[in-house]
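Look at the model first, then read the points below.

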Amino acid sequence: MADLQTIKSELAIIGTGFAGIAAAVFASRNGITTSQIGVSGGILYASGYFDLMGVHPVKEQKVWNNPWDAIDALIKDVPLHPYARLSKADIRESMDQFVGFLNETGLPYKKEDDRNVSVITPIGTVKPTYCVPASMWNGVAALLDERPMLIVDFWGLKGFSAMQITEMLTQNGRANLRAVRIPFPSVDLSTDLFPERMAWSMEVEENIVKLADEIRPHLNGAQVIGLPAILGIHRTETIMSGLKDLLGCDIFEIPTIPPSITGLRIKEKAETTLPQRGVHLFSQKRVVSVKSGKNGGFVLDVGDRATGEPEHRIEADGVILASGRFLGMGLHAGRKNIQETLFDLTVFQPGDRSDWHQKDFFDSRGHEINQAGIEIDETFRPVGIDGKPVFDNLFAAGSILAHQDWIRQKCGAGLAVSTAYAAVRSFMKQVKNR
Ligand SMILES: Cc1cc2nc3c(=O)[nH]c(=O)nc-3n(C[C@H](O)[C@H](O)[C@H](O)COP(=O)(O)OP(=O)(O)OC[C@H]3O[C@@H](n4cnc5c(N)ncnc54)[C@H](O)[C@@H]3O)c2cc1C
């Protein structure tokens with residue numbers, strides 16, 4: 001094997017999902033020289049809504065209007081939840097800084113500081129969330145008022161039904177709703193439509209006019225229009241204000257089922273902006289091996305996602321492990337137990353495989369396997385079975401952490417962003433400034 005080109009960084013971040021991106025944002029803000037490695041994580045599947053804390057206890061399906069009160073209740077009942085390692089001021093600061101980053105890159109988000117808002121999901125249910133892409137914010141108001149609303153879908157777009165959404169919202173008490181299915185402009189109707197292709201085609205000016213022309217005959221007094229989230233990748237605000245001017249209605253996007261354009265927008269912004277801020281990004285690459293290096297640092301070999309053949313070597317003083325759970329491949333479920341895939345860290349997990357899942361898939365308690373993960377000390381360092389940190393300079397963040405069920409608790413983005421913030425801060429204190 002030829003000698004690998006070696007890159008020296010203070011910090012290596014393993015993962016380019018929500019937690020990895022957030023860690024890279026915080027690291028670059030703090031002037032840390034950083035390498036980041038990963039394949040697109042769950043972010044490409046995410047709705048774009050940033051959940052902070054919505055449901056607790058999961059078994060009772062108690063929905064909270066105030067995420068901060070929900071966090072208080074959660075920490076009281078689940079003292080090992082990663083949120084219990086953070087102050088509310090830190091969680092708030094991390095969300096503000098992350099949203100600030102997205103705003104700076106031209107991807108605005110909106111929130112009420114102290115309350116969750118209700119948003120429409122791709123199947124028409126309504127869920128609580130904390131922070132909403134500006135392109136979806138009109139949908140929050142439209143759920144509450146009674147203005148005539150039109151939901152639009154397209155012939156050939158699978159998994160997004162305006163009819164289903166209007167029926168679900170009507171059951172939820174929203175009146176004055178209509179659905180319409182129209183052709184998507186400038187696309188061969190004999191083929192299936194894919195959200196990414198539609199979003200790129202909306203970047204072309206003339207297609208905005210054509211889309212407005214398709215919608216206009218169906219307005220019939222509608223004052224607000226919901227469309228699937230396909231309104232561009234880079235110019236969503238411009239496209240939406242163009243449609244608003246042409247149709248005279250408020251416009252909002254509704255997330256599509258995965259893969260989602262809203263996640264892709266965040267990924268695109270991170271991949272263009274973070275390297276400009278000094279992050280050395282190895283996109284669509286994997287860390288194939290890690291070993292201890294000289295002076296107590298780590299040596300990471302980075303390779304092709306498919307072949308695993310090493311192509312680069314990174315020497316780093318410290319590592320943040322943000323490699324996700326099973327989808328991200330930070331954890332692997334074997335026949336007998338669950339393993340962490342890079343450092344062979346101790347994984348908190350049910351004693352026996354038969355306890356991984358409840359018998360009923362929809363059991364209101366959720367499944368034990370969704371609490372599995374890495375246990376950490378108060379500075380986000382993974383600990384062994386003796387409760388002591390395995391390395392002084394290894395930190396973990398995001399969904400790989402144990403004792404949380406982010407899907408059911410509705411805390412995906414909040415958990416990823418706030419634990420990444422804490423991991424970077426610990427790296428600063430314990431490695432960079434030691
Ligand atoms: C279908 C779906 C819908 C969602 N909807 C929402 C929502 O509505 N609201 C919300 O707040 N959150 C939502 N989320 C959650 C959110 O997108 C994040 O997935 C979640 O918060 C976990 O992020 P993470 O970065 O910890 O892990 P992941 O997103 O799983 O990322 C893990 C990363 O680690 C990398 N990795 C793993 N092993 C290696 C290795 N050896 N070398 C290099 N890199 C490695 C992967 O390539 C990946 O980049 C949703 C997620 C999914 C899947």
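A residue is called buried under 20% relative accessible area, exposed over 50%, and partly exposed in between (1.4 Å probe, protein chains only). By that rule Phe26 is buried, because its relative accessible area is 1%. This is a predicted model: local features need pLDDT of at least 70, side-chain atom pairs count only at pLDDT 80 or more, and totals for chains, interfaces and linings use all residues. Residues are numbered from 1 along each chain as its sequence is written, and side-chain values use heavy atoms, without hydrogens and water.

**Phe26**
- Beyond neighbours within four places in sequence, Phe26 is in contact (heavy atoms within 4.5 Å) with residues including Gln97, Phe98, Val417 and Tyr421.
- Phe26 and Gln97 are 71 residues apart in sequence, yet their C-alpha atoms are 8.0 Å apart.

**Ligand shell**
- The ligand is surrounded by 35 residues (a heavy atom within 4 Å); among the closest are Val39, Ser47 and Ser399.
- Helix H1 (18-29), strand S2 (34-38), strand S12 (285-292) and helix H11 (412-432) each supply at least two shell residues.
- H11 gives the largest share, three residues.

- A polar contact here pairs N or O atoms within 3.5 Å.
- A ligand nitrogen is 2.8 Å from a polar backbone atom of Tyr49.
- A ligand oxygen is 2.8 Å from a backbone N or O atom of Ser399.

Terms used
Polar contact = N/O pair within 3.5 Å; in protein donor to acceptor, adjacent residues only side chain to side chain. Helix = DSSP H or I, 4+ residues; strand = E, 2+ residues; numbered from the N terminus.
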